[in-house]
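Let's take a friendly walk through this protein model together. Have the picture ready, and look for each residue as it comes up.

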Amino acid sequence: MTSESELLAARYGKTPSGGKASRNRIIALAVTLITLFLAWAIWVTIDGSTAVKSQVIGYEVIDAGQTSVRYSVESPSGPAKCAIQVLNQGYAVVGYKEVEVAASGEFETFVNTTELGVTGLVDKCWLK
């Protein structure tokens with residue numbers, strides 16, 4: 001007569017003896033994922049510190065053909081370039097101008113528009 005474990009093995013198959021190899025693969029995968037996450041977190045932190053920051057101080061709609069936008073820029077790595085936009089009531093861009101600015105300070109830009117704008121803003125700034 002066969003033992004109970006032999007009957008179970010015949011019915012369901014034998015358990016693999018490579019349990020340690022599978023566990024080592026899981027540990028290696030976990031270590032790799034943690035290392036990738038830490039590298040990504042460090043990269044995001046370093047990349048964010050060199051970003052050019054801008055803030056709109058105010059705007060003035062002069063007429064249907066021109067709007068003035070006042071803004072401040074902080075660039076940690078020297079001169080930057082900024083995209084200034086004027087939007088109409090339907091949030092469509094009716095004026096756009098790219099300007100070069102010094103590393104930091106407050107600036108005013110006059111943007112020509114195709115129709116009456118209702119707001120002026122700094123779309124984005126980047127290193128020159």
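## A tryptophan on a helix

Start with W43, which lies in helix α2; helices here are DSSP runs of H or I with at least four residues, strands are runs of E with at least two, and both are numbered from the N terminus. This is a predicted model, in which local features need pLDDT of at least 70, side-chain atom pairs count only at pLDDT 80 or more, and totals for chains, interfaces and linings use all residues. Residues are numbered from 1 along each chain as its sequence is written, and side-chain values use heavy atoms, with hydrogens and water left out.

Is W43 buried or exposed? It counts as exposed, because its relative accessibility is 55%. The cut-offs are under 20% relative accessible area for buried, over 50% for exposed, and partly exposed in between, using a 1.4 Å probe and protein chains only.

## Two aromatic pairs

Which rings pair up? Rings of Phe, Tyr and Trp (its six-membered ring) pair if their centres lie within 6.5 Å; planes under 30 degrees apart are stacked, over 60 edge-to-face, and the rest tilted. By this rule there are two aromatic pairs. One of them joins F37 and W40, a tilted pair with 6.0 Å from centre to centre and 35 degrees between the planes. Both residues sit in helix α2 (residues 19-49), three residues apart, about one turn of the helix. W40 is partly exposed, with a relative accessible area of 49%.

The rings of Y71 and F107 are also tilted, with centres 6.0 Å apart and planes at 35 degrees. This pair links distant parts of the chain: Y71 is in strand β2 and F107 in strand β5 (residues 104-112), 36 residues apart. Y71 is buried, at 0% relative accessible area, while F107 is partly exposed at 22%.

## The nonpolar core

Y71 brings us to the largest nonpolar core, which has 14 residues; Y71, V73, C82, I84 and V101 have the most contacts inside it. Such a core is a set of buried Ala, Val, Leu, Ile, Met, Phe, Trp, Tyr and Cys residues joined through side-chain atoms within 4.5 Å. Two or more residues each come from β2 (66-74), β3 (80-87), β4 (93-101) and β6 (119-127). The biggest share is from β3, with four residues.

## An open helix

Helix α1 (residues 4-12) lies largely in the open, because zero of its nine residues are buried. Just after α1, G13 takes a positive phi of about 95 degrees.
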